[in-house]
Amino acid sequence: MSADTPRRIVLLRHAKADWPQVADHDRPLAERGRKDAPAAGLKLAETGIDFDLALCSTAARTRETWKLAVHELPHRPRTSYEERLYDASLGELIALLNETSDEVANLLVIGHNPGMHALADALSGRAEGDTLTRMSRTGFPAAAFAVVSFTGSWKTVEHGVGTLTDFWTPEDH
């Protein structure tokens, strides 16, 4: 793939987590999260995006969200569990995207807030329709996802490089 290849980044926040007496990294999904994660997977499948790679935080709630969501996709992308997604700053998230191979056209990132919302907002120099307004109004609730498209190499990903083309929350279905 060349550097002018159209690319998409889909940022999926983990589904609603429970609050048992465990370390934050080990928190499982709540009952609502176990319902919303497959719904998010189904909506991801409806986008028609064929993911080349999924980067998933190592936290229990993100791994469980991905396990439930991926079953709804027509094909399972290669998945890499990435410790750096847990509690990552905006700069760390952009640096992680910059490391992505240019062989990847469509990337799915399963992570946490406030990082997923901050990254979607930072990358979106433009927006289609009311996507940015809806994302600003609702925040980035559990199991929500944003689709950002851009053209170029992953090494060029920076603030304002993309267009927010879709934003979905579990409340939308």
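Strands β2 (residues 53–57) and β3 (residues 78–82) pair in the parallel sense through five bridges, where pairing requires at least two bridges found by DSSP between two strands. Helices (H or I, at least four residues) and strands (E, at least two) are DSSP runs, numbered from the N terminus. Within this pair, Ala-54 stands opposite Thr-79 of β3. The model is predicted: local features need pLDDT of at least 70 and side-chain atom pairs count only at pLDDT 80 or more, while totals for chains, interfaces and linings use all residues. Residues are numbered from 1 along each chain as its sequence is written, and side-chain values use heavy atoms, with hydrogens and water left out.

On its other pairing, β2 joins strand β4 (residues 106–111) in the parallel sense over four bridges, and Leu-53 stands opposite Leu-107 in β4. Together with helix α2 (residues 60–70), β2 and β3 make a right-handed β-α-β unit; right-handed denotes a path from the first strand over the helix to the second that runs clockwise with the strands pointing away from the viewer.

The open sheet contains seven strands in the order β3-β2-β4-β1-β6-β7-β5, with mixed pairing. Its edge strands are β3 and β5 (124–127), each of which pairs on one side only. From one strand to the next, the twist averages 25°.

Two helices lie across parts of this sheet. Helix α4 (residues 115–123) lies across β1 (6–13), β4, β5, β6 (145–151) and β7 (162–168) and runs at about 150° to β1. Helix α5 (residues 131–138) lies across β5, β6 and β7, at about 60° to β7. Axes are lines fitted to C-alpha atoms, for helices over the stretch in contact, and angles run from 0 to 180 degrees between N-to-C directions; contact means heavy atoms within 4.5 Å.

Helix packing was also examined. The axes of helix α1 (residues 31–46) and α2 come within 7 Å and cross at roughly 50°, which makes α1 oblique to α2. Angles under 35 degrees count as roughly parallel, over 145 as roughly antiparallel, 65 to 115 as roughly perpendicular and the rest as oblique. In this contact, Arg-34, Ala-37, Pro-38 and Gly-41 of α1 meet Glu-64, Thr-65, Leu-68 and Ala-69 of α2.

Helix α3 (residues 90–98) packs against α4 at an angle of about 70°, with the axes 9 Å apart; α3 is therefore roughly perpendicular to α4. Leu-90, Leu-93, Ile-94 and Leu-97 of α3 contact Gly-115, Met-116, Ala-118, Leu-119, Ala-122 and Leu-123 of α4.
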